[in-house]
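Trainee: Could we go through this model together? I would like to learn what stands behind each label.

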Amino acid sequence: MELVFLQLVGGLVKAMLLFLIASGLSLVFGVSRVINLAHASFYMLGAYLFYTVMEHVANRNLGYGLALVAVPVVVALLAGLLEMTLLRKAYKGGMLSVVMVTFGMIFLVEGITRIIWSDTQLIVSTPAFLKGAVSLGGFPFSLYYVPIVTVAPLVALGIWFLFYRTRWGTVVRAATTDREMLGALGVNVPRVFTITFIMAAWLAGLGGVLAAPTNALLPSMDSNVIIEAFAVVVIGGLGSIAGSFIAALLIGELLAFGLLVFPALSLALVFVVMAVVLTMRPWGLMGRQLPD
Amino acid sequence: MVYLRSTWLRLLGLVVLAGVPLALPQFLSGYDLYIAVAILILALFTTSFNLLLGYAGMMSFGHAAYFALGAYGSGLLFRELNVPMPLAFAAAPFIAALGAAAVGYFCVRRAHAYFIMLTLAFAQILYAIIFKWYSFTGGDNGLTGLRPPEVLRSAEGYYYFTLVIVGVCLAVMYRMVHSPFGNALKAIRENPIRAEAVGISVWVYRWVAFTLAGFFAGIAGALNAFYQRSAHPEFAFWTKSAEPMAAAILGSIHNFFGPLLGSVIFVALHRLVTRFTEHWLVVVGALVIVVVLGFPRGILGINIRNLSWKGLLPWPRT
C-alpha cells in the first residue's frame with residue numbers, strides 16, 4: 001500500500017513538472033505556430049542556474065527562495081533575447097526555417113551548458129527547511145515535493161486567470177485564433193510572439209528550478225525530458241493548456257506505475273499510449289484540428 | 001549548373017566524375033580513405049533524409065532511428081545469429097524499412113507539427129530501448145566485434161565497397177525522384193490539398209516516401225556498423241539526426257546532389273573543428289542557425305551578386 005502511495009505521489013510530482021514544461025510548449029505553438037524544439041533546453045538552463053545560485057548563496061534557505069524567483073526570470077530574458085535575435089528572422093522562411101533554428105538552438109544551449117558547467121553530473125541538495133518528510137494519513141510524504149505540488153497548480157491557476165480574465169489574455173487568445181486579423185486591428189503581433197515565448201521559457205525555467213533537487217543534473221537532461229514533454233503535448237493537444245494538464249497527469253502517473261510493472265520499458269509504454277490516443281483522436285484530447 | 005552542349009563533353013565530364021572516386025585510393029592514405037568512407041556514408045544518409053525534406057516537404061527529426069535500426073539489425077544478425085556478413089548487410093535495410101513503415105504509419109497522417117514531434121520522440125524512444133536492453137544490445141557498451149570479411153578489411157577494400165553501394169543507392173534514389181512518384185511527392189510538398197484534389201493519396205505517398213527513406217538510411221547504418229566495427233545507442237540519438245539535417249541544409253535541399261556536397265563540407269568541418277575544440281555541438285548548432293537564416297538555399301544557392309550579410313543583423317535593415 002505504501003508503495004502504491006509513493007508511486008502515486010511520485011507520479012503526481014512528475015506530472016506537475018511535465019505540466020510546467022508542456023504548457024509552455026503548447027502555448028508557444030498555439031500563439032505563433034512555432035514548435036520550440038529547444039524548450040526543454042530552457043528547463044535544463046533553469047536547473048543549472050538553480051545549482052549555481054545554491055552554490056554561491058551561503059544561506060541555503062534564502063538561496064532557494066531567491067532562485068525560485070530569479071532563475072525563471074533570467075531564463076525567460078535569455079529566451080527573449082534568442083527569440084528576438086534568431087527566431088524572428090526565421091519567421092519569414094516559414095515553418096521549416098523556424099523549426100530548424102530551434103533545433104540549432106538545442107545544440108547551442110546544450111553546448112554552452114557543457115562549457116560553463118562541464119560534463120560531469122551535478123547534484124543540488126535540498127535546502128534545510130525542505131529536508132525530511134511529513135506524515136500524510138500515515139504515509140511518508142517527502143517535504144521537497146511540497147513546493148512542486150503547490151507551485152504548479154498555482155501557476156496553472158495563474159495562467160487560467162491571465163488568459164481568461166485579463167486584456168492581455170484576450171490578446172493572446174485572439175492571436176491563437178487569427179493572427180492576421182489581430183495585426184490588422186493594430187496589435188503588435190511580433191511583440192505578442194516574443195512575450196509569449198518569454199512566458200513559456202519562464203514556465204520551463206521554473207520547472208527546471210523545481211525539478212533540480214529531485215534529479216542529478218546532466219547536460220543530457222533536456223533530451224530525457226523532451227520526449228515526455230512532447231508526449232504530453234501530443235496527447236493533450238497542441239494549443240490547449242487544459243489538455244496539457246490532463247495529459248501531464250496521465251503521463252506522470254503512467255511513468256510512475258510503469259516503473260513498477262515494466263521498469264525497462266516504461267518509456268515504450270508512453271509510446272503505446274501516444275499511438276492509441278493519436279489513432280482515436282488525431283488532434284489530441286483537447287487540441288484543435290491543424291492544417292497540414 | 002554548367003550546361004554543356006556537346007554530348008562528347010558531357011560524356012567526358014561523366015567519366016572524370018566517375019573516375020575520380022575510383023582512382024582515389026591511389027592518391028590517398030589509409031586515414032584519408034577512412035574519412036572518404038565517412039563522407040560517403042553520410043552522403044547516403046543525408047540523401048535519404050532529403051527524400052523527405054527536400055522532395056516530400058516532411059521534416060523528420062528522428063531519421064537517425066532508421067540508421068540505428070540498420071546498424072543494429074545487421075550487427076545483431078551477424079554477431080548473435082552468426083549470419084554471414086553479406087546476408088546480414090542485405091537484411092539491414094529491410095529491418096530499417098520495417099521500423100520506418102511502423103513509425104511512419106502513425107506519424108505521417110498527422111499534421112506537420114505533430115509529425116515533427118513524433119518522429120523525434122520515436123527516435124528517442126528507440127535510443128532508450130537500445131540503451132536499456134543491455135542483455136540484447138549491449139546497452140551503453142554498444143555492439144562490438146563487427147568484422148567484415150577479409151576482402152573488406154583493408155581501407156581500400158571497404159572504400160570500394162562503400163563507393164559501389166552508395167553509388168548504386170544514389171542512382172536508384174535519383175531515378176525515384178525523377179519519376180512520376182517523385183513528381184507526386186513534389187506536388188504534395190507544394191500543395192497537399194491540391195494534390196489530394198487531383199487524386200494523389202497524400203498520406204500513402206508520404207508513408208511510402210518515409211519507408212523508402214528509412215530503407216536507405218538503414219543501408220547507411222549497416223555500412224557504418226561494419227566501418228566502425230561497432231554500433232552504439234548514440235546512432236539513434238537526436239545528435240545523429242542533426243547530421244543529415246545540417247549536411248542537407250548546408251549543401252542545398254533543393255538539389256539532388258546538395259546532400260552529397262553538404263556531407264563533404266560537414267565531415268571536413270568536423271575534422272577541422274575537433275582538432276581545436278571538443279565543443280563540436282555548439283558549432284553544429286550555430287552552423288545550422290547561420291545556414292538557415294543566412295543561406296536558406298545552401299551553398300549551391302549562393303548567388304554572389306546577391307550575397308549580403310545584412311540578413312543576419314539582429315535588428316531590422318532600415
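Mentor: Gladly, and let's begin with A:Val277, which counts as buried at 11% relative accessibility. Please keep in mind that this is a predicted model, where local features need pLDDT of at least 70, side-chain atom pairs count only at pLDDT 80 or more, and totals for chains, interfaces and linings use all residues. Residues are numbered from 1 along each chain as its sequence is written, chains are lettered from A and ligands numbered from 1 in the order in which they are written, and side-chain values use heavy atoms, with hydrogens and water left out.

Trainee: What makes A:Val277 count as buried?

Mentor: Buried means under 20% relative accessible area, exposed means over 50%, and partly exposed lies in between (1.4 Å probe, protein chains only). A:Val277 has 11%, so the label is buried. This residue lies in helix 11 of chain A, helices being DSSP runs of H or I with at least four residues, strands runs of E with at least two, numbered from the N terminus. Its C-alpha atom is separated by 6.4 Å from that of A:Ile235, 42 residues apart along the chain.

Trainee: Why is the pair A:Lys14 and A:Glu228 called a salt bridge?

Mentor: The term asks for a side-chain nitrogen of Lys or Arg within 4 Å of a carboxyl oxygen of Asp or Glu. Here the closest N and O atoms are 3.1 Å apart, so the pair qualifies. A:Lys14 lies in helix 1 (residues 2-32) of chain A and A:Glu228 in helix 9 of chain A, so the bridge ties together parts 214 residues apart in sequence. A:Lys14 is partly exposed at 31%, whereas A:Glu228 is buried at 11%.

Trainee: How do you know how much area chain A and chain B bury between them?

Mentor: Buried area is the accessible area (1.4 Å probe) that two parts lose on being put together, summed over both. For chain A and chain B this gives about 4,100 Å², 83% of it on carbon and sulfur atoms. The contact (heavy atoms within 4.5 Å) takes 48 residues from chain A and 42 residues from chain B.

Trainee: Why is the pair B:Trp133 and B:Phe136 called tilted?

Mentor: Rings of Phe, Tyr and Trp (its six-membered ring) pair if their centres lie within 6.5 Å; planes under 30 degrees apart are stacked, over 60 edge-to-face, and the rest tilted. These two are 4.9 Å centre to centre with 55 degrees between the planes, so the pair is tilted. B:Phe237 and B:Trp238 are also a tilted pair, at 6.2 Å and 55 degrees.
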